[in-house]
Amino acid sequence: MPTTGFSGAPSPERAAPRPARANDRPTVSFELFPPRTPQTLEKLWTTVEALAAVRPDFISVTYGASGSTRQTTRDLVRELLASTSVLPIAHLTCVGTSRDEVTAIIEEFLDEGVRSFLALRGDPPAGQPDWRPNPAGLTRASELVDLIREVEAARCGLSPSQALRGAAHRLSVAVAAFPNGNPIAGSSREQDLRALQAKQDAGADFAITQLFYDPQHYLDLVRDARAAGITIPIVAGLIPTTEPARLLRVEALSGIRVPRELLAALEAADSPAQRHRVGIRASVEVAKAVLDGGAPGLHIYTFNKHEAALDLLEGAHLRGGAPMAPPPAGRPQSTPAQPDYISI
Ligand code: FAD
């Protein structure tokens with residue numbers, strides 16, 4: 001399992017003067033959700049091209065908790081693999097599916113050439129009060145990390161070629177971390193730290209945080225994780241704070257309260273352009289504070305829009321801007337679907 005010397009406060013190694021190297025750049029990554037209609041697929045591809053042009057370290061693609069986006073998540077991940085040079089990370093949830101079915105889905109992704117997963121438990125689908133977890137399913141993300149590792153090991157055990165491929169393209173498994181506890185799951189910061197420890201023990205390589213508005217919440221999480229013996233890198237998940245209606249919707253879905261002063265400042269803006277500037281300024285402040293505190297990377301919740309995500313990066317001096325080849329013609333169309341997880 002990889003370890004890192006990273007701690008919430010700047011470490012002596014970070015403070016020591018030495019020439020900056022290209023790989024000192026914090027990682028930059030984005031979250032997308034699969035398109036819900038064929039019409040939104042075209043629009044999404046404009047976003048993908050704009051995001052890919054800054055050479056992100058990866059783009060993650062969300063997955064419905066009840067498996068409703070199985071096909072569309074797979075289609076988008078496949079397209080990212082086929083048409084861009086970006087590493088896709090496939091989110092995978094386990095709460096609504098039997099162990100056998102999750103195993104089959106992992107196999108499908110591996111067959112497609114996917115080498116990175118974000119292993120999640122998932123939440124009950126919204127608006128279905130009678131919904132129950134699958135009785136033959138996994139109940140925790142740490143069990144899913146275990147299962148992904150198990151499936152990969154079994155495949156490598158069956159074939160020397162597969163084992164070689166696995167050694168050359170090592171499988172990576174990311175997990176979620178929660179700076180403010182997880183109000184939707186009803187768990188405290190301490191419970192989620194224990195869950196993060198279990199995910200690391202199961203073989204997680206790194207964590208991505210739930211969104212937060214106060215950089216100190218991220219820094220405290222990392223400090224407490226290090227004190228608890230959690231050594232995996234913890235990437236800061238950021239939401240561009242430009243659209244008050246979206247922030248409130250995310251608050252309802254995630255339980256993460258939007259600071260009322262931020263909402264007031266956004267609502268007081270006298271034009272959309274001014275609101276955008278106010279929102280970007282606020283998110284850039286958060287980004288700079290966590291980077292100054294030692295965050296190894298930023299993961300931006302894009303809501304399938306690139307403008308605010310790229311402006312945030314620009315403000316944090318992390319926008320690369322390398323040109324990218326256009327995608328090959330004749331991309332397959334995704335099947336319309338209603339994801340039950342949008343992006344939080
Ligand atoms: P778990 O780690 O299994 O935690 C679930 C609950 O069990 C928590 O209350 C936790 O505290 C408790 N628990 C687990 N293990 C332990 C332990 N060892 N000791 C004590 N308590 C424990 N949802 C989707 O449906 N689709 C997505 O694509 C998606 N992407 C996400 C991406 C990110 C970056 C984040 C932060 C969240 C995402 N979610 C997604 C939401 C996520 O599925 C929910 O927040 C879910 O409630 C928790 O998921 P988990 O993977 O952390 O679960």
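## Helices H11 and H12

In this predicted model, helix H11 meets helix H12 through His276, Ile280, Ser283, Val284, Ala287 and Lys288. On the side of H12, the residues in contact are Ala308, Asp311, Leu312 and Gly315. Sorted by class, the contact of H11 with H12 comprises five nonpolar, three polar and two charged residues.

Two packed helices are described by the angle between their axes and the distance between the axes. H11 spans residues 272-292 and H12 spans residues 307-315. Their axes come within 9 Å and cross at roughly 50°. The crossing of H11 and H12 is right-handed.

## Helices H8 and H11

Helix H11 also packs against helix H8, which covers residues 215-227. The axes of H8 and H11 come within 9 Å, and the crossing angle is roughly 25°. Angles under 35 degrees count as roughly parallel, so H8 is roughly parallel to H11. As for its hand, the crossing of H8 and H11 is right-handed.

From H8, the residues Pro215, Tyr218 and Leu219 take part in the contact. They meet Val286, Ala289 and Val290 in H11. The contact of H8 with H11 has six nonpolar residues, with no polar and no charged ones.

## Helices H9 and H10

Helix H9 consists of residues 244-254, and helix H10 consists of residues 260-268. The axes of H9 and H10 come within 10 Å and cross at roughly 155°. Angles over 145 degrees count as roughly antiparallel, and H9 and H10 therefore have this arrangement.

In H9, the contact involves Pro244, Leu247, Leu248 and Glu251. Their counterparts in H10 are Arg260, Leu262, Leu263, Leu266 and Glu267. The residues of the contact of H9 with H10 divide into six nonpolar, no polar and three charged.

Strands of a sheet pair through backbone hydrogen bonds, either parallel or antiparallel. In this model, eight strands form a closed barrel in the order S1-S2-S3-S4-S5-S6-S7-S8, and the pairing is parallel. Neighbouring strands of this sheet are turned by 30° against each other on average, direction ignored.

One of the pairings is that of strand S2 (residues 58-61) with strand S3 (residues 88-93); these strands run parallel and are joined by three bridges. Within this pairing, isoleucine 59 has proline 88 of S3 as its bridge partner.

## Helices lying across strands

Helix H4 (residues 99-112) lies across S3 and strand S4 (116-120). The direction of H4 is at about 170° to S3.

Helix H12, described above for its contact with H11, lies across strand S1 (27-32), strand S7 (234-238) and strand S8 (297-301). H12 runs at about 165° to S1.

## Aromatic pairs

A pair of aromatic rings is described by the distance of the centres and the angle of the planes. The count of aromatic pairs comes to three. In one of them, the ring centres of phenylalanine 58 and phenylalanine 206 are 5.7 Å apart and the planes stand at 50°, so the pair is tilted. This pair links distant parts of the chain, 148 residues apart. Phenylalanine 58 belongs to strand S2, while phenylalanine 206 belongs to strand S6 (residues 206-209).

How values were computed: Residues numbered from 1 in each chain as written. Predicted model: local features only at pLDDT ≥ 70, side-chain atom pairs only at ≥ 80, totals over all residues. Heavy atoms only, no water. Axes fitted to C-alpha atoms, helices over the stretch in contact; angles between N-to-C directions. Helix = DSSP H or I, 4+ residues; strand = E, 2+ residues; numbered from the N terminus. Left-handed = near helix turned anticlockwise from the far one by under 90°. Contact = heavy atoms within 4.5 Å. Nonpolar A, V, L, I, M, F, W, Y, C, P; charged D, E, K, R; others polar. Pairing = 2+ DSSP bridges. Phe/Tyr/Trp six-rings, centres within 6.5 Å; stacked < 30°, edge-to-face > 60°. Parallel < 35°, antiparallel > 145°, perpendicular 65-115°, else oblique.
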